[in-house]
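Please consult the sequence and coordinates alongside the text.

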Number of protein chains: 2
Amino acid sequence: MKINSKYAQGMAALALLVSMNACKPKDAGSVVSGDAASKVYVAPGKYDEYYNFVSGGFSGQLSVYGLPSGRLLRVIPVFSVDPEKGWGYSEETKPMLNTSHGNVPWDDLHHVSMSQTNGEIDGRWVFANGNNTPRVARIDLGTFRTAEILELPNSGGNHSSPFITENSEYIVAGTRFSIPPDDKNGDVPINTYKENFKGTISFVSVDKDNGNMDVAFQLQGPGVNFDLSHAGKGKSNGWFFFSTYNTEQANTLLEVNASKRDKDFIMAVNWKLAEKLIKEGKGRKQKTKYASNRFDESTHTATSTIKTEVTVLDMKDHPGLVYMIPCPKSPHGCDVDPTGEYIVGSGKLAALIPVFSFDKIQKAIADKAFDGEYDGIPVIKYEAALYGEVKKPGLGPLHTEFDDKGNAYTSMFVSSEVVKWNVKDLKVLDRVPTYYSVGHLMIPGGDSKKPTGKYLVAYNKITKDRYLPTGPELSQSAQLYDISGDKMQLLLDFPTIGEPHYAQGVAASVIKDRSVKFFKIEENKHPYVAKGEKESKVFREGNKVHVNLTMMRSHLTPDNIEGIKVGDEVYFHTTNLEQDWDVPHGFAIKGALNSELLVMPGETTTLKWVPLKAGMYPMYCTDFCSALHQEMSGYVRVSPAGSNVPISFSTGTNMPKSDAAVPGTKK
Amino acid sequence: MKINSKYAQGMAALALLVSMNACKPKDAGSVVSGDAASKVYVAPGKYDEYYNFVSGGFSGQLSVYGLPSGRLLRVIPVFSVDPEKGWGYSEETKPMLNTSHGNVPWDDLHHVSMSQTNGEIDGRWVFANGNNTPRVARIDLGTFRTAEILELPNSGGNHSSPFITENSEYIVAGTRFSIPPDDKNGDVPINTYKENFKGTISFVSVDKDNGNMDVAFQLQGPGVNFDLSHAGKGKSNGWFFFSTYNTEQANTLLEVNASKRDKDFIMAVNWKLAEKLIKEGKGRKQKTKYASNRFDESTHTATSTIKTEVTVLDMKDHPGLVYMIPCPKSPHGCDVDPTGEYIVGSGKLAALIPVFSFDKIQKAIADKAFDGEYDGIPVIKYEAALYGEVKKPGLGPLHTEFDDKGNAYTSMFVSSEVVKWNVKDLKVLDRVPTYYSVGHLMIPGGDSKKPTGKYLVAYNKITKDRYLPTGPELSQSAQLYDISGDKMQLLLDFPTIGEPHYAQGVAASVIKDRSVKFFKIEENKHPYVAKGEKESKVFREGNKVHVNLTMMRSHLTPDNIEGIKVGDEVYFHTTNLEQDWDVPHGFAIKGALNSELLVMPGETTTLKWVPLKAGMYPMYCTDFCSALHQEMSGYVRVSPAGSNVPISFSTGTNMPKSDAAVPGTKK
């Protein structure tokens with residue numbers, strides 16, 4: 001293995017710095033002032049001030065926390081199956097995880113974007129990216145459920161996603177790993193990367209009424225790695241900015257080979273021009289396959305559709321569409337300030353933070369202040385685009401959020417700290433340590449045109465000695481800071497589900513009154529709904545047996561079922577007849593090679609069960625629902641294949657035919 | 001449907017009581033005194049005082065919380081798959097979820113028992129029950145991982161489980177739903193319950209050195225529902241007590257038909273006699289099938305063994321083995337005080353709490369103070385066993401825990417409160433409201449011979465307005481109380497994962513220094529381990545391709561793999577070469593119909609992948625590990641079936657053969 005020796009030295013220095021983190025004083029109590037306890041305490045029955053939507057990273061899910069308490073309010077299953085909720089197991093939700101590869105039970109959710117209207121968070125949806133098998137998801141903030149998942153063609157890792165425009169016209173998705181496009185032969189030697197691999201950016205349209213997503217168009221360009229991105233806003237609305245790395249186009253040992261260049265690029269995309277080109281028919285139709293999965297709330301059922309075509313613009317063919325801006329040392333974060341004028345690039349191996357000016361970029365374009373081309377794309381001169389550099393901010397800047405007072409907060413991975421600086425004069429104002437190796441930051445609204453200025457959360461990558469140990473795997477960690485004063489104050493450590501990457505937050509008032517409390521049973525259009533116990537039934541269609549079953553405190557209807565045979569496919573279509581908040585029922589049957597169902601009031605959900613042995617199978621309600629929950633159960637009798645036992649079903653009437661006495665207590 | 005009208009009235013009254021809970025003042029702030037914030041605040045970097053192991057209910061998992069902060073330290077996957085950790089997806093963990101029915105991806109974990117030595121929690125293991133497809137699990141408190149899962153034959157719902165004896169000789173498992181025994185024909189009419197269904201109690205032995213579990217013997221008796229249980233301790237060590245319901249032996253609409261009798265039973269089992277009978281060969285061998293799944297830490301791999309026989313004692317055939325004690329109104333909790341003298345029965349529809357005396361029970365047995373038999377089992381006279389009744393404690397007593405001062409704390413489901421009473425004089429000392437519908441309670445050590453007296457946690461079944469809303473499904477809720485004074489003080493509400501049932505807790509000092517930090521690579525006996533990058537390789541065996549891959553900050557070895565063909569079964573055996581705490585790596589590949597792997601330092605874990613299409617597949621590390629984590633990636637080339645591309649693999653050497661230039665920035 002051949003390693004650039006200068007680079008190796010740099011890495012050794014970085015490694016030393018990283019290891020130095022572990023030498024920080026273990027006792028952070030001293031940096032916490034006396035009022036921290038009361039600042040984070042939310043008394044029983046009181047509400048948190050903010051919702052915090054936190055990516056679950058390799059869990060594939062989205063976590064909802066309350067701030068300032070740091071309490072986990074809900075884990076919303078998105079890209080990964082969740083046997084607790086039947087997500088990916090019920091017949092209704094299986095289509096949500098369909099892809100062109102088949103049913104994928106897991107993904108890696110890195111970033112979230114809340115929907116915006118006029119650059120402000122509107123509380124309608126949260127979008128999230130799936131990084132491994134490239135997808136984007138839309139979560140409905142009325143139901144707190146995933147409403148849609150869209151696969152992305154021509155992509156190999158969807159990382160710079162799902163960042164959003166200021167009126168939610170588009171979310172974007174930039175491929176992290178370039179690959180040969182789907183309509184080319186991908187069976188090529190890996191070391192033909194430079195010839196055969198392409199980098200693709202997807203613009204996913206969002207229907208302004210119902211949120212439905214489609215791949216509006218894709219931009220195809222050089223094979224590089226796209227890392228992060230953000231939309232312009234205000235004056236820069238109409239543009240999108242993406243960070244890139246591996247502009248060396250290495251295909252192996254990227255740790256060394258993708259870190260050779262002093263500068264990679266921020267890529268600026270004029271998406272309004274792209275829209276215009278598409279309207280003018282300048283797009284190229286490309287054959288591919290990708291899944292579009294949507295959940296219909298009236299039938300409580302998802303449908304997966306495989307789409308076969310996408311419209312592509314080749315970056316280098318359309319002058320004015322795409323520009324490259326040099327950015328030092330493997331850019332990672334790419335953030336835009338609330339005014340839209342300042343674009344912050346964060347070279348993760350850098351010791352300074354370059355801040356670019358939108359006005360200067362426009363002038364550079366007009367002046368053709370270019371420094372050559374990269375694969376046919378004009379490269380704007382660094383100085384022509386640069387507003388200025390934040391000097392000595394720390395080591396390894398990653399991500400920047402903004403407050404309501406013109407300040408920026410940048411996470412420093414290598415030196416493990418948050419650095420506050422003024423956007424106008426680029427002076428460092430304050431710095432606080434994080435424990436350890438901070439990744440993303442979040443200020444509620446800190447990515448919008450209207451940031452708040454009370455709390456900042458740092459999402460950390462290493463936990464070490466922050467909590468009681470739990471074996472080789474430790475919880476990930478978030479840290480809450482008070483940023484209302486001149487100096488940042490550490491308030492609280494709280495653990496997170498999975499690995500937190502980007503998160504967003506919003507005042508509770510924007511969302512809490514939108515919450516759907518239950519589904520109206522009279523609006524339930526599920527084909528196998530039973531809208532009352534009298535509609536419950538069991539019927540056979542060949543080897544398929546449908547059980548239209550109702551659940552109501554505290555019995556199943558029917559609760560005695562006979563006539564099922566080995567080899568049957570049994571579908572329990574369970575309807576929760578309750579019409580009140582917080583009264584879910586659950587459903588499970590012994591030995592099923594399946595999860596449970598968790599059924600909300602008014603909803604119908606289906607469990608498929610293929611019994612493999614004759615015998616007696618208990619079924620029951622899994623979600624404690626009343627003082628007589630333990631009694632909410634029943635039996636299914638399974639007879640051998642070819643048996644003559646007829647279908648029968650009942651609740652409360654299948655009494656013993658023989659008058660077998662209950663054992664008495666007298667002898 | 002025919003419903004007992006008197007009963008229906010009673011239920012209506014209960015329903016009214018339940019609905020009244022919703023009228024409680026929403027603002028609980030007034031009941032929280034000023035110092036609560038400081039009492040629950042654990043400053044960043046400080047440790048919690050207690051570990052709290054909380055059942056995840058229908059999540060199937062075990063949650064680890066810190067107290068008093070209520071912070072979620074870890075979710076340990078037990079009975080349900082966890083795509084985040086690869087649990088149930090990696091080749092090594094798939095056998096853990098095997099059963100006689102096949103691979104079951106979910107269960108319903110209700111209760112936990114921590115291992116004990118001399119009646120005190122010793123910090124070695126936590127046991128847990130699977131309620132749906134009857135199983136018990138053992139979780140190792142060095143690794144915080146599930147080390148063993150044992151299926152239970154002759155069972156239909158394993159609810160009164162896994163309660164433990166004072167030296168961890170046995171954990172028990174009582175069937176919640178009686179069924180025809182496994183060696184009988186289970187294909188019988190459901191309404192032949194009284195003739196054909198049996199209730200089975202399993203005694204599972206625990207090896208005192210390595211914790212390995214086996215079904216030592218089972219007791220078979222009348223078809224009833226076993227609910228909860230606890231071992232005797234001290235003077236009553238050698239006995240086990242189980243609550244029963246549905247002694248009516250109803251087979252349908254249990255809500256009505258299993259609540260007809262004024263009293264069901266607490267069943268007292270002399271397990272030392274059972275042991276003696278088994279030793280004397282009095283057990284009956286019964287054919288059955290059940291899975292015994294054990295994880296081997298040296299190979300990092302689980303093995304599932306199907307066992308085919310179990311030893312059974314029929315309850316009524318062995319005088320002195322089992323007695324019934326009448327207990328009012330559908331007994332639920334069955335708890336034994338720290339001295340072992342008092343057995344508390346909690347009739348969930350009752351308005352009093354009967355407390356039985358072990359000494360009186362023994363005397364009643366000696367005196368034959370019986371009130372007839374139940375299916376051949378002597379029924380001890382209620383008064384002969386009764387120590388006394390706690391009068392007017394509230395409505396719907398469920399579960400009781402004990403403190404270090406001779407007090408008992410009982411949860412009241414219907415009246416939503418915790419009631420403190422003195423064990424000796426049975427006087428009610430204090431009561432505090434819970435929000436809402438409390439189930440189990442937990443005091444660290446509160447189930448052992450050495451309870452503590454500082455905190456009590458109530459695990460609630462309904463959340464309603466306790467937190468910011470999250471759509472139709474709300475988080476479950478726990479509430480922390482200070483019980484160190486005469487009056488209980490509500491300190492904190494915190495949400496829980498899944499539905500909490502029973503929980504246990506112990507002082508942090510008992511566990512925290514046992515934590516395994518990483519696995520020693522030199523002790524790794526996995527057959528496909530690569531103990532260094534030089535040992536990494538890719539080799540073909542027919543259509544199986546093995547990739548012995550290493551992970552080390554920040555590259556995969558190999559990271560370029562060619563020669564894979566459509567239809568191959570590819571096994572990525574990934575070894576994490578790190579030897580430091582908190583440096584896991586993850587592994588994923590695009591389009592795999594599988595989860596990720598999360599690989600701890602020194603461990604080898606295997607992902608199976610069957611590529612379905614030719615093309616280029618990125619793979620990468622999913623767990624942020626360094627500043628160059630984003631670079632820790634590679635490509636696998638998949639060629640069509642029948643292709644001649646040979647197997648090749650490398651990291652850092654597969655450079656372009658053509659001298660294709662990287663796009664320059666000059667033109």
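## Model confidence

The structure is a predicted model. Its scores are ipTM 0.95 and pTM 0.95. For chain A the mean pLDDT is 93, with 94% of the residues at 70 or more. Residues 1–30 of chain A form an exception to that level, as their pLDDT is below 50; beyond near neighbours in sequence, this stretch has 41 contacts in the model. Where pLDDT is low, the predicted coordinates should not be read in detail.

## Relation between the two chains

Two copies of a chain are related by a rotation about an axis and a shift along it.

## The ten-stranded sheet of chain B

Strands of a sheet pair through backbone hydrogen bonds, either parallel or antiparallel. In chain B, ten strands make up an open sheet with mixed pairing, ordered S6-S7-S8-S9-S17-S18-S13-S12-S11-S10. The edges are strand S6 (109–117) and strand S10 (156–160) of chain B; each has a single partner strand, so one side of each is left without a neighbour in the sheet. From one strand to the next, the twist averages 30 degrees.

Strand S13 (residues 213–222) and strand S18 (residues 301–314) of chain B run parallel and are joined by three bridges. In this region B:Leu219 stands opposite B:Leu313 of S18(B). Helix H5 (residues 271–279) of chain B packs on the sheet. The strands that H5 touches are S11 (170–177), S12 (198–206), S13 and S18 of chain B, and the direction of the helix makes about 105 degrees with that of S13(B).

Is B:Ser346 buried or exposed? Its relative accessibility is 0%, and B:Ser346 therefore counts as buried. The residue lies in strand S21 (residues 342–347) of chain B.

Leaving aside neighbours within four places in sequence, the contacts of B:Ser346 include B:Ser330, B:Pro331, B:His332 and B:Gly333. B:Ser346 is also in contact with B:Pro397, B:Leu398, B:His399 and B:Thr400, as well as with B:Thr410.

Methods:
Residues are numbered from 1 along each chain as its sequence is written. Chains are lettered from A and ligands numbered from 1 in the order in which they are written. This is a predicted model: local features need pLDDT of at least 70, side-chain atom pairs count only at pLDDT 80 or more; totals for chains, interfaces and linings use all residues. Side-chain values use heavy atoms; hydrogens and water are left out. Helices (H or I, at least four residues) and strands (E, at least two) are DSSP runs, numbered from the N terminus. Buried means under 20% relative accessible area, exposed over 50%, partly exposed in between (1.4 Å probe, protein chains only). Contact means heavy atoms within 4.5 Å. Two strands pair if DSSP finds at least two bridges between them. Axes are lines fitted to C-alpha atoms, for helices over the stretch in contact, and angles run from 0 to 180 degrees between N-to-C directions. pLDDT is the predictor's confidence in each residue, from 0 to 100.
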